[in-house]
Amino acid sequence: MPPHSASSLPLRIAIVDDEALIRSGLAMILGSAPDIEVVATCSGTDALNVVREQRPDVVLLDIRMPDVDGLTLLRRLRALPEPPEVAMLTTFDTDEYLDQALRLGASGFLLKDTEPDVLARSVRAVATGAGCLSAPLLRRLRAAERRGGVRGGEIIGALSERELQVLGFLGQGLSNIEIGARMHLGAATVKDYVSAVLTKLGVANRIQAAVLAERAGLLE
């Protein structure tokens, strides 16, 4: 499914979690936003069929559920003909799964106790393709990288000055439109730069690029 744009409101969200209380709480918070519609909430066992029927823009998916493995479900969702963007719902004790979720195509990570205004803003970022990753989880991904998870390596020499600038903005979670405004570039040019950055770094998505941006000190 192509990134959601501001002209195609409301943003359609599906929430997948094994705890009904978590589902209802997130649905209440997100449903109060004027530009967001929660089209479905369900447990992991029903998720694939629900997503096929409702075709949400974004799925909030619990990374660890007793009835179905969140990573397996992520893989299946991303394999759909028009896959939704998927943000993983996580807690601080699940960091060992984060690098795996990145490799499987997760577009973001949200802590279950994220503040309501931050939650809505993060979901919007995921829908536009910018992704979302909280600072505490970013630090945990760095730790995973040092343990051999997310790919590292020397990145400064691989990128041009312009590409480094784009990488820094990716690390801040900016969308292509926001990067274009900062750099005074058109949307097509920014898209080309982002594609070049991801290719040169050998990463699959913007969140992995954000991890490398932080590791390189571009966000300081």
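Predicted model: local features only at pLDDT ≥ 70, side-chain atom pairs only at ≥ 80, totals over all residues.

Visitor: Against which elements do the buried residues of α3 pack?
Guide: Helix α3 spans residues 70-78, and its buried residues are Gly70, Leu71, Leu73, Leu74 and Leu77. They lie on the same side of α3, because they cover an arc of only 160° around the axis. The elements against which these buried residues pack are β1 (11-16), α2 (47-54), β3 (58-62), β4 (85-90) and α4 (98-103).

Visitor: Which residues have the most contacts inside the largest nonpolar core?
Guide: In soluble globular proteins, nonpolar side chains tend to be buried together. Here the largest nonpolar core has 27 residues, and β1, β2 (36-42), α2, β3, α3, β4 and α4 each supply at least two of its residues. Those with the most contacts inside this core are Leu61, Leu77 and Met88.

Visitor: With which residues is methionine 88 in contact, leaving aside its neighbours within four places in sequence?
Guide: Met88 is among the residues with the most contacts inside the largest nonpolar core. With neighbours within four places in sequence left aside, its contacts are Leu61, Asp62, Ile63, Gly70, Leu74, Ala101, Ala106, Gly108, Phe109 and Leu110.

Visitor: Is aspartate 62 buried or exposed?
Guide: Aspartate 62 is found in strand β3, and the unreviewed UniProt entry places the feature "modified residue: 4-aspartylphosphate" at this residue. Leaving aside neighbours within four places in sequence, Asp62 is in contact with Val16, Asp17, Asp18, Gly70, Met88, Leu89 and Lys112. Its relative accessibility is 3%, so aspartate 62 counts as buried.

Visitor: Which residues of strand β5 point one way, and which the other way?
Guide: Strand β5 covers residues 108-111, and the four residues named here are all buried. Gly108 and Leu110 point one way, and the other way point Phe109 and Leu111.

Visitor: What is the bridge partner of glycine 108 in β6?
Guide: Four bridges join β4 to β5, and these strands run parallel; in that pairing, glycine 108 is the partner of alanine 87. Strand β5 also pairs in the parallel sense with β6 (residues 132-133), over two bridges. There the bridge partner of glycine 108 is cysteine 132.

Key:
Residues numbered from 1 in each chain as written. Heavy atoms only, no water. Buried < 20%, exposed > 50% of the residue type's maximum accessible area, 1.4 Å probe, protein only. Arc of directions from axis to C-beta. Contact = heavy atoms within 4.5 Å. Core = buried A, V, L, I, M, F, W, Y, C linked by side-chain atoms within 4.5 Å. Pairing = 2+ DSSP bridges. UniProt positions renumbered as here; feature names shortened; annotations may be inferred.
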